Amino acid sequence: MAIVYLSPVGNAFQFFSSGGLVLNGGFLYTYASGSTTPTATYTTNLGTIQNANPIQLNSDGRTPSEIWMTAGQAYKFELKDSLLN
């Protein structure tokens, strides 16, 4: 079990496109900071169930579950629309 803390990004956020539209079906990628190495996040404070990477946003432009990050790991988040732009 990983030691995790609640992410300041994604939890209860509603993401929008640059044009102000809800980012329906968008993707939130998590990487090790300063790289393109995918890095795990978790769905609960137990740190036992990983989120998909990328995390696909629902029709409201929100993540389907909480995002918990591994303690001591620096993260980079990348947001893309449903067309991966």
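This is a short walk through the model, one selection at a time.

**Before you start**

The model is predicted, so to speak of local features a pLDDT of at least 70 is needed, side-chain atom pairs count only at pLDDT 80 or more, and totals for chains, interfaces and linings use all residues. Residues are numbered from 1 along each chain as its sequence is written, and side-chain values use heavy atoms, with hydrogens and water left out.

**Stop 1: the sheet**

Select residues 27–32, which form strand β2. Strands here are DSSP runs of E with at least two residues, numbered from the N terminus. Is β2 buried or exposed? 6 of its 6 residues are buried, so the strand is largely enclosed by the rest of the structure. Buried means under 20% relative accessible area, exposed means over 50%, and partly exposed is in between, using a 1.4 Å probe and protein chains only.

Together with β2 they form an open sheet of 3 strands, in the order β4-β2-β6, with antiparallel pairing. β4 and β6 stand at the edges with a single partner strand each, so one side of each has no neighbour in the sheet. Two strands pair if DSSP finds at least two bridges between them.

Zoom in on L28. Its opposite residue in β4 is I55, and its opposite residue in β6 is L79.

**Stop 2**

Centre the view on L57, in the loop between β4 and β5 (68–70). With a relative accessible area of 3%, L57 is buried. Which residues does L57 touch, not counting residues up to four places away in sequence? They are F15, L23, G25, G26, F27, R62, T63 and L79, where contact means heavy atoms within 4.5 Å. For a sense of distance, pick L6 too: the C-alpha atoms of L57 and L6 are separated by 18 Å, and the two residues are 51 apart along the chain.

**Stop 3: aromatic rings**

There are 3 aromatic pairs in the count. Start with F13 and F15, whose ring centres are 5.9 Å apart and whose planes are at 50 degrees, so the pair is tilted. Rings of Phe, Tyr and Trp (its six-membered ring) pair if their centres lie within 6.5 Å; planes under 30 degrees apart count as stacked, over 60 as edge-to-face and the rest as tilted. F13 is partly exposed at 38% relative accessibility, whereas F15 is buried at 11%.

Next, select Y29 and Y31. This pair is stacked, with 6.0 Å from centre to centre and 5 degrees between the planes. Y29 is buried at 16%, and Y31 is buried at 11%.

**Stop 4: the loop between β1 and β2**

Go to N11, in the loop between β1 and β2. N11 is buried, with a relative accessible area of 18%. Its side chain reaches the backbone oxygen of S7 at 2.8 Å. Leaving aside neighbours within four places in sequence, N11 is in contact with L6, S65, E66 and I67.

A12 lies in the loop between β1 (4–6) and β2. A12 counts as exposed, at 69% relative accessibility.

**Stop 5**

Most residues other than glycine have a negative phi, and most peptide bonds are trans. A12 has a positive phi of about 70 degrees, although it is not a glycine. L84 has a positive phi as well, near 65 degrees; L84 lies in the segment after β6 and is partly exposed at 45%. Then find the peptide bond from N53 to P54, which is cis with omega near 20 degrees. P54 sits in the loop between β3 (41–42) and β4.

**Last stop: a salt bridge**

How many salt bridges does the structure hold? It holds 1, and the side chains of K80 and E78 form a salt bridge at 3.5 Å, N to O. The term means a side-chain nitrogen of Lys or Arg within 4 Å of a carboxyl oxygen of Asp or Glu. K80 is partly exposed at 22%, and E78 is partly exposed at 27%.

How values were computed: Helices (H or I, at least four residues) and strands (E, at least two) are DSSP runs, numbered from the N terminus. A polar contact is a pair of N or O atoms within 3.5 Å; within protein, one must be able to donate a hydrogen and the other to accept it, and residues adjacent in sequence count only if both atoms are side-chain atoms.
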